[in-house]
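Hi everyone, thanks for coming. Please have a look at the structure on the screen, and then we'll walk through a few parts of it together.

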Amino acid sequence: MVRPLQRISTNKHLVLAFLLLAGCARHAPFSASAPARVLRISQRNEPASLDPAIATLPDDFFIIRALSEGLLVPSPTGGVPLPAAAERWEVSEDGLTYTFHLRANGRWSNGEPVTADDFAASLRRVLTPATAAPKADLLFAVRNARAYAAGRLANFTSVGVRALDPRTLVVTLERPTPAFPDYVASGTWIPANPRVVARFGEGWTRPGNDVGNGPYVLTEWRPGQRLVVRKNPLYRGAAGIRLDEIQFIRFDAGDSEERAYRAGEIDVTMAVPFSKLEIYARERPRELHHAPLAETRYLAFNTRLPPLDDPRVRRALSLAVDRVKIVADVLRGGQQPACRLLPPELDAEGQNQTPAAPDREADLALARRLLAEAGFPEGRGCRRLELSGWANTPVLEAIQAMWQQDLGIEVDIANREARTHQAALRSGSYDIGFITLIPDLADPLAALGRFATGAPENYPHWSDARYDALVDEARRVIDPARHAALLREAEARIEDLCPLAPIYFNAKNWLMLPTVHGWQEDPFWTRDYSKLWIE
C-alpha cells in the first residue's frame, strides 16, 4: 500500500505501528534467498549502450561506472581526479608525457589481469573511425589522436599511446594540457576488455558476456524493467564493497517513481515531482536531498530549417522566454535562470553568474522588433513550429504559452523517449529541441567544443567559421590569459548568433531512505558506488 505523505496521526503508538508495517513492506519483494544487502535505485532512461566507447548519456554511465573503472576517477568533492585502475601517475617537466602505473591486483571480472595493453587497445578502439565514438574528442589532447580518428593517419603507432610494459601506460600529448587528468577520468577512457569485444562484437555488453574491471558485474538486463549488478569478488577493492547487489529499476515518469518510493519499492529516486517538493521538505526532510548540477538546460534551434536559419528569429524566441518565471513558478527546485551557456562550475575566472534582473518589457520589445525585421510581424506568416523534449513537459508548456502570447508564434509540443529525442536532434529531424548540456569534465573548452562545425553533439547543426577558429585556437594556445579570452569570445559568439537558448542551470532534488549511506555523485552526474552501504 502506498504510504501517504500527510501525517495520519500524532499518536505515537500508531506511528510506531505504521513504521513497522512500512519496514516489513520494504523487504516484501525479496525472497528469503535474495542477497541481504540490496540497493534499489531508480533508472529513468533505458541505457542506449553499456559500451564506454559508444555511451553518451549519464543514464548509460550510471551503469557503466558500476561495472568498470578507468585509470582515474573524478573526485566526488571536485579537484584532482583520484587513482583507480592506475595507482599513481607522473607528468614530465614539459607537461607532454603522462606515465600511468597500473595496480598489481587489477583484474577483469573473468580473472584476467588488467594490463596497459588493454587500455591501449581500448583507446585505439575509441579512435578507430569505424567505431564512430561520439565522444572521441575527449582523447584529442593525445598526440595524433585527432588525425587517427579522422582517418588521416592509418598507423596507430604514431598516436601518443604506448604500453611500456604490462603495468605501465605512457601517453604523450600534442601540447601541455593542465586539465588532462580530468579527461582521463571521463567515461570515454573507461576500458573494454579487447578479447571479450573481439569474441562477442556488439553483444559484448550483454549479461553473461560483459566483463569489466569494476566493483560489480552485470547479471540481468530486462529492457524497460530493470538492470541488476552484483558484487565482483575479483575487483581490486572488493573487501571494501558493502553491497551485494544494486538494482536499477526503470520508471518512465516522476509520478510513478515517487509512488514506488512511498510504497517501499525503491530506495533512491532520480528526482522529485515539482508538486511534491514542498510536502517532502515539510514532512520528511531527512529523505529529501538537493544538489546543484553543472548542467545547462537549453533550447537547440535547428539552424538548417527556415525560419530558424535566421538568427533574428532565434534571438527573438530566446528573448521571449521568461527564465525567472520558469525557475520560480514552474520548477521551484533550486534551479537558476541561465543567461549564458556555461554553468557556474565551468566559470574558472569567477565571472558574475547572477546578472542583473532582466528587463522583461525591453526584452519583449526587442524580440518583437527582430521578428518583424525577419518578416514575421506579430508572428504572422511564421509556420507552426514543433518544440520537442524528453521530460519537463511543464517547462515546455510554459515556453509554448510565452511564445504564443508575447510573439504570436504557434508551437506544438512533442514529448519523446530520451534516446528517440536525442537521435532526432542528431539527425536534424526537429525544429526546436529542449536538451541538456552536461559537461564531461570541468573544462569549458570541452563544453564549447560541442558546438564546433561537425561536432557530434552540435544539435543545432550550426556552423560558424569565426566560432570554429576561436575554439581551435583555444585548443592550441598555451598562455592561460589568452586561452580564457578566446573562450569568452567563443561563448559571446553563441550569445550573439543564438544557435541555442540557455534556459536554466539545473539542480537535482531526489529522495533517499535514511538507511542509505555513502551516496556520492558529483555535479557532472558522475557516481561512485564504492562507499555505498545500507543499514
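Let's start with a question: is the crossing of helix 10 and helix 12 left-handed or right-handed? It is right-handed, meaning that the near helix is turned clockwise from the far one by less than a right angle.

Before going on, some ground rules. This is a predicted model, where local features need pLDDT of at least 70 and side-chain atom pairs count only at pLDDT 80 or more, while totals for chains, interfaces and linings use all residues. Residues are numbered from 1 along each chain as its sequence is written, and side-chain values use heavy atoms, with hydrogens and water left out. Helices (H or I, at least four residues) and strands (E, at least two) are DSSP runs, numbered from the N terminus.

Back to our pair. Helix 10, residues 323-331, packs against helix 12, residues 393-407, at an angle of about 135°, and their axes are 10 Å apart. The axes are lines fitted to C-alpha atoms over the stretch in contact, with angles running from 0 to 180 degrees between N-to-C directions. That angle makes helix 10 oblique to helix 12; under 35 degrees would be roughly parallel, over 145 roughly antiparallel, 65 to 115 roughly perpendicular, and the rest is oblique.

Which residues meet there? From helix 10 come Lys325, Ile326, Val330 and Leu331, and from helix 12 Pro394, Val395, Ala398, Ile399 and Met402, with contact meaning heavy atoms within 4.5 Å.

Helix 12 also belongs to a right-handed β-α-β unit with strand 13 and strand 14: with the strands pointing away from you, the path from the first strand over the helix to the second runs clockwise. Strand 13 (385-389) and strand 14 (411-415) pair in the parallel sense over five bridges, where pairing takes at least two DSSP bridges. Leu387, for instance, has Ile413 in strand 14 as its bridge partner.
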